[in-house]
Amino acid sequence: MKRYKLLYLLILVLGLVSCDLDKEPYGLGDFWKTEADVIYGLNAAYAPFYEEEAFGRGYFWTGPASDDMIINRDRSPDEAITEFRTAVNSTSGQYSNWKHMYQIIRRTNDVMKHAPLVEMSSNNRDVLLGEANFICAFSYFYLAKRYGGLPFYDYRKPLEINKARETKEETFLRIENYLKESIKHFEAQSLWKRDDKAVGRPHLGAAYGLLAKVYAHWGKFEDCKQASEKVIQSNQYSLNKSNNNGYSHLFSPEGEKHEEVLFNLVNRPNRNEGTITSIVLMSKTLSSGTGWYYFAPTKSLYDAFETGDLRRRVTLVGAGDEVNFLGNKTILTKESINDMRTGYMCTKYAKVYEKLAEWNWESGADIPLLRYSDVLLLHAESIITLAGGDANNRNLGVANAASSFNEVRLRAFGGDLSKAIAQPTFMDLVNERRCELAYEDERHYDLVRWQLAKEIYASATTQSDPRGPRTFDPIKDAHFPLPQKEIELTGFLLENNPKAGYSSFK
């Protein structure tokens with residue numbers, strides 16, 4: 001997959017409507033006639049992922065609600081939301097992020113509508129419809145984690161654009177159905193892997209893996225276990241264990257396309273022609289003025305890594321750590337990253353700068369959106385939960401979860417068998433997910449679904465997190481307020497959180 005900039009060359013995006021759905025392609029009667037048209041349409045559905053407020057900065061605007069990172073620049077509206085001090089979402093970044101997801105949703109619906117009617121092979125049709133249903137489900141789930149119940153667009157009812165939210169239960173049912181439809185088409189072609197021309201694009205492993213994640217957030221752990229086992233038992237995927245430090249290799253130009261990555265944003269073959277995620281996180285001081293230093297990792301995250309955990313150096317650095325950028329090895333000092341308020345800088349997506357000759361705001365790093373290690377940990381979590389381990393029984397050791405859990409854990413310690421945990425507990429799982437998936441859009445939403453957010457955020461100190469303790473209300477703050485601009489665009493048809501049935505499954 002290359003970075004598609006074909007945003008419907010034949011389709012004008014006209015104005016704003018509810019959910020910012022692209023309007024009908026009026027006057028384009030010759031479009032959607034050939035297989036090539038459908039491919040163009042699907043390619044256009046991927047394009048919003050690469051926008052600045054999608055998976056550049058937009059990927060992170062709600063992330064600082066967790067204890068892993070803070071907003072490192074002056075963004076008062078976003079800070080108020082992530083510190084749970086407001087019921088109004090007036091941030092432009094989060095609104096734009098919402099808009100891009102609904103652009104993807106609308107465009108995938110166009111593919112779902114037209115692909116069955118265009119002459120092509122059944123193989124190609126299954127692949128196109130499998131992809132369209134997957135990325136539609138991915139976009140809805142991405143929003144559902146943030147906002148709960150959502151308004152849905154259905155190509156069978158194209159005039160119903162300004163729609164009320166559906167309940168959270170109805171929302172998750174819809175997402176489940178999109179993924180089951182994706183699986184149906186991928187299974188018809190036994191599509192567990194993609195060829196080199198479609199690297200990064202979804203397949204059966206991605207569809208079952210995302211379904212497992214949906215079930216975990218839904219609290220359906222028997223279903224989560226079964227979906228994750230479909231991925232594991234396929235024997236099609238593995239963790240990157242290259243050079244006894246596979247985690248580092250995975251987040252490098254050499255290893256970023258490893259089969260561990262089930263779905264990701266893949267950039268052009270030439271570096272510094274792709275996503276801006278890396279530079280969003282980099283210190284301006286260190287990068288000679290190029291870095292945007294929008295987000296900084298906390299000492300709390302730094303301290304979560306055990307001694308010997310190889311993931312820490314990949315994930316974040318601070319004073320005293322050696323870095324190697326533009327071919328120059330240097331020991332960091334406080335002064336060299338003095339614009340990072342916490343004293344730490346995220347480096348998870350920055351390894352590509354080791355290969356560049358100069359700083360560039362587009363590093364070209366691939367951005368993984370779903371990984372096999374996540375699926376393994378979801379499998380372990382489902383076993384622990386079904387055995388009775390949860391936030392209320394957090395020290396219960398569950399031997400049956402050890403295989404999936406330790407596969408991830410041992411990779412982090414270079415295969416050191418002495419680091420295996422024979423009976424992992426719920427809290428072992430909590431910390432393992434934190435360290436493995438830091439800066440990958442998981443921590444806050446995990447804490448909320450585990451009912452740990454109130455406890456964890458209240459326990460912070462100004463040493464572990466410069467914000468100190470924060471007050472999280474499990475009812476009011478279960479989801480973020482909807483973007484206010486979107487509420488206004490619907491004529492206030494959309495109702496804000498918290499609202500029974502919309503911000504909870506009850």
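Predicted model: local features only at pLDDT ≥ 70, side-chain atom pairs only at ≥ 80, totals over all residues.
Leaving aside residues up to four places away in sequence, Asn72 touches Tyr293, Tyr294, Phe295, Ala296, Asp339, Met340 and Arg341.

Next come the helix pairs. Helix 6 (residues 168-188) and helix 7 (residues 204-218) have axes that come within 9 Å and cross at roughly 160°. That angle is over 145 degrees, so helix 6 runs roughly antiparallel to helix 7. The crossing in which helix 6 passes helix 7 is left-handed. On the helix 6 side, the residues that meet helix 7 include Phe172, Leu173, Ile175, Leu179, Ile183 and Phe186, and their counterparts in helix 7 include Leu204, Leu210, Leu211, Val214 and Trp218. Sorted by class, this contact of helix 6 with helix 7 has 14 nonpolar, 2 polar and 4 charged residues.

Helix 1 (residues 35-46) and helix 5 (residues 122-147) make another packed pair, with axes 11 Å apart and an angle of about 20°. Since angles under 35 degrees count as roughly parallel, helix 1 and helix 5 are therefore roughly parallel to each other. Their crossing is left-handed. From helix 1, Glu35, Val38, Ile39, Leu42, Ala45 and Tyr46 take part, meeting Asn124, Leu128, Glu131, Ala132 and Ile135 of helix 5. By class, the contact of helix 1 with helix 5 has 8 nonpolar, 1 polar and 2 charged residues.

Between helix 5 and helix 6 there is a loop, and Phe152 lies in it. Phe152 counts as buried because its relative accessibility is 2%, against a cut-off of under 20%. Which residues does Phe152 touch, not counting those up to four places away in sequence? They are Tyr140, Lys163, Glu166, Thr171, Arg174 and Tyr178. For one of these, Tyr140, the C-alpha to C-alpha distance from Phe152 is 8.6 Å, with 12 residues of separation in sequence.

Some backbone details are worth a look as well. Leu326 has a phi near 55°, a positive value in a residue other than glycine, and its place is in the loop between strand 5 (322-325) and strand 6 (328-331). Tyr439 is not a glycine either, yet its phi is positive at about 65°. Tyr439 lies in the loop between helix 15 (426-436) and helix 16 (443-449), and it is buried, with a relative accessible area of 3%.

The last stop is the segment after helix 18 (484-489), where Thr490 has its place. Thr490 is buried, given a relative accessible area of 5%. Its side chain reaches the backbone nitrogen of Leu494 at 3.2 Å. Pro498 also belongs to the segment after helix 18. The peptide bond that joins Asn497 and Pro498 is cis, with omega at about -10°.

Terms used
Residues numbered from 1 in each chain as written. Heavy atoms only, no water. Contact = heavy atoms within 4.5 Å. Axes fitted to C-alpha atoms, helices over the stretch in contact; angles between N-to-C directions. Helix = DSSP H or I, 4+ residues; strand = E, 2+ residues; numbered from the N terminus. Parallel < 35°, antiparallel > 145°, perpendicular 65-115°, else oblique. Left-handed = near helix turned anticlockwise from the far one by under 90°. Nonpolar A, V, L, I, M, F, W, Y, C, P; charged D, E, K, R; others polar. Buried < 20%, exposed > 50% of the residue type's maximum accessible area, 1.4 Å probe, protein only. Polar contact = N/O pair within 3.5 Å; in protein donor to acceptor, adjacent residues only side chain to side chain.
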